[in-house]
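Here is a short briefing on one protein chain.

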Amino acid sequence: MKDFKYEVDQDGVAIITWDVPDKSMNVMSLEGFAELEECIDKALADDAVKGVVITSGKESFAGGMDLNIIAGMKERGGENPAKGIFDGVMKMHAILRKIERAGMDPKTNKGGKPIAAALPGTALGIGLELPLATHRIFAADNPKAKIGLPEIMVGIFPGGGGTTRLVRKLGVMGASQLLLEGKLNDPKRAKSAGVVDEVVPPEELMDRAREWVLNAKDADIVKPWDQKGYKMPGGDPYHPAGYMTFVGANAMVNGKTMGVYPAPKALLSAVYEGALVPFDTAIRIEARWFTNLLMNPSSSAMIRSLFINKEALEKGAVRPKDIPPQQVKKLGVIGAGMMGAGIALVSAMNGIEVVLIDQSQEAADRGKAYTADYMDKGIKRGKATPAKKEEVLSRITATTDYAVLKGADLVIEAVFEDPAIKAEVVKKVEAVVGEDCIFATNTSTLPISELAKASSRPENFIGIHFFSPVEKMLLVEIIKGKETGPRAVAKALDYVRQIRKTPIVVNDARFFYANRCIIPYINEGIRMVKEGVKPALVENAAKLVGMPLGPLQLVDETSIDLGVKIARATRAAMGDAYPDGDVDEVLFWMADQGRLGRKAKAGFYAYDEKGKRLGLWEGLAEKFPPAEDQPDVHEVQHRLLMAQVLEAVRAFEEGVLEDIREGDVGAILGWGFAPWSGGPFSWLDMIGAGRAVEICDHLEQEYGPRFKAPALLRELAEKGETFYGRFTDQKKAA
Ligand code: NAD
């Protein structure tokens, strides 16, 4: 056996220790399941064994299921992948059910062996579903541990019995946050939520579990749902209270997801249908819905982008090979404004020493105070301590003195978006730092290769583009200038890993990748307003296709004057080829009215005095009246999606984007591109290149050349190929 160890102690308690070799956290594999079954069989068959404790040889219990395996089940199903998945899932259920029933007589519920789970730390996914199948869960009092079922976050639901067991243990209401939001709790909170049964001091964990096993009576190990007269807490669907809960849950899920995600729907169906039947049938229903979900292309695409490829990028899938580790020890941040302050915060939080420079001491101090405020909020919410705050703050030196930068191995500038100011900063920094120091700019619009001209070491010059607010946004876009060398890329990637964000690496071109795609989305929305499409239709169409914000709300958030500034600069750079005159007409008029967006409490939306959004601004209709005939919602959605997606394809065709995985992960994390789709390339694969070209041809004819199908898309359509089929070796994961 490889993943599980089996031993029997002097009191006759079998200890099954999960300890996957060469991994920092246990993950479940098919082989692992087979081993676990072998251990359980041995314990149940051995008369000398009185009971079992399942624990882990690591600090944590388990991180979950290896999702590659779930994807693999589909592959192995061959001609009938649904059967492959269903059979695989049912096999897993049989093992867990064997643990739960523990050899007891099916009629009398007597004679089983007590089985407890002892969790030293984090227990996620199958790492909690397995304990839920045991008779009692002990968790060590480890405030850093996370306990929960986060499957919904990657587009599936807990399909290892966790859904059925948790609902039967806690009721629909009690389980809803855990299942529908993937909420994770520390052990104490998990106990008060009813997920674990006991929280004990870490050093007593094994003894307490062992003691319980030795003293448990027959009745202690029969699950409520295996007892006569079991009633679901809070009521089943035909109980008046339960009925209300189901109606509410449906409304809540559809309100939050707009119905675009298959996982919450499948989850609710499994819960509802499962609640009407005995446990073993409910498990089969759960397995059927789980299979149905995995057969849905949206789930495969979400798993691929949000789990497999996101993790691959974080672990350095695109990092230049053969460059030794480049961890940052001392970071310089120039410009302590909105972005600089955020960059200092996330870096100091992750143990990096930061020198934060601005033009005046006051501005630098203000930047540092941002970290203090952030930590104060954390203390209030019980997520940080005053000691932690002091520790983080002690890593940040706020100053105006460039000499303090001496010894920095990475410097990031986030000063005003002005090439002359940036060039001056480059010179000042290079005068004090060593030859090896990498210089990064956080510019959002200026070409990296142009800014690098101010540097005497352009191979050490790179773009590290953060999104706002830095502490919340998970994506960081790394931009290679023409002369950027591999060590600079490795440094940027290692730094992003240190601050625990997800990187993509792109080449230098106007607006890089994310902004290049998001600006056309905003513009398409504004253009429709000019054409007379009702703003509510534009906004709702966007949300109904899974965009977190409609284009008009988005421009209100990022500010309309910024839009005007970008439009002016783009027009100046493109001259007669500038295509967005209609957009500017609306945007510039809004700016002239002083409606600059949320910060001015006036934009495409109306706001109250506190800045709370009230609804779309009615005054807009006077200047841009809605047309009599309104387009079909799908037409609006196709325009909004294609505006972004075609830009992504062009970025890939032009080599700005080097890897479609980065294109998909970057789109979801960078600007919230319809996560259910797995990203723009996954979406195109899902509808098929042929259908995509058809949509483009129609949109081009109706609305102009910006919708012309890129040559690459047309070629894929002609050959019947997909992006993931052609450009990655990841067909398996799909
Ligand atoms: P900001 O105006 O909030 O902050 C800029 C700071 O730089 C100010 O504190 C200013 O005093 C300081 N500064 C100006 N000249 C300086 C100099 N010579 N030496 C030292 N400090 C100087 O701006 P911001 O929003 O933080 O943006 C900074 C950079 O980040 C810009 O290049 C911007 O394009 C880019 N960016 C912004 C966002 C965003 O959403 N705001 C997102 C990504 C990138």
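The C-alpha centres of domain 1 and domain 2 are 43 Å apart. This is a predicted model: local features need pLDDT of at least 70, side-chain atom pairs count only at pLDDT 80 or more, and totals for chains, interfaces and linings use all residues. Residues are numbered from 1 along each chain as its sequence is written, and side-chain values use heavy atoms, with hydrogens and water left out.

**Domains**

- Domain 1 covers 4-295, domain 2 covers 330-509, and domain 3 is made of 515-595 + 622-727.
- These bounds come from an automatic or database domain assignment.

**Positive patch**

- K144, K146, K377, K380, R381, K383, K388, K472 and R500 form a patch of positive charge on the surface.
- Patch residues have over 30% relative accessible area and no salt bridge; like charges are joined within 9 Å, nonpolar side chains (Val, Leu, Ile, Met, Phe, Trp, Tyr) within 5 Å.
- A salt bridge is a side-chain nitrogen of Lys or Arg within 4 Å of a carboxyl oxygen of Asp or Glu.
- Lys and Arg count as positive, Asp and Glu as negative; His and the chain ends are not counted.
- Each charge is placed at NZ of Lys, CZ of Arg, CG of Asp or CD of Glu.
- K146 sits in the loop between β8 (136-140) and β9 (147-148). Helices (H or I, at least four residues) and strands (E, at least two) are DSSP runs, numbered from the N terminus.
- K146 counts as partly exposed because its relative accessibility is 43%. Buried means under 20% relative accessible area, exposed over 50%, and partly exposed in between (1.4 Å probe, protein chains only).

**Nonpolar patch**

- Y238, Y272 and L276 make up a nonpolar surface patch, with about 340 Å² of accessible area together.
- Areas come from the Shrake-Rupley method with a 1.4 Å probe; for residues, only the protein chains shown count as cover.
- Y238 lies in the loop between α7 (205-215) and α8 (240-257). Its relative accessible area is 64%, so Y238 is exposed.

**Backbone spots**

- Most residues other than glycine have a negative phi, and most peptide bonds are trans.
- N109 is not a glycine, yet has a positive phi of about 60°. N109 is in the loop between α3 (81-101) and β6 (115-119), and is buried at 15% relative accessibility.
- R500, also in the positive patch, has a positive phi of about 55° without being a glycine. R500 is in the loop between α17 (486-498) and β18 (502-507), and is exposed at 65%.
- S468 and P469 are joined by a cis peptide bond, with omega about -5°. P469 lies in the loop between β16 (461-466) and β17 (475-480).
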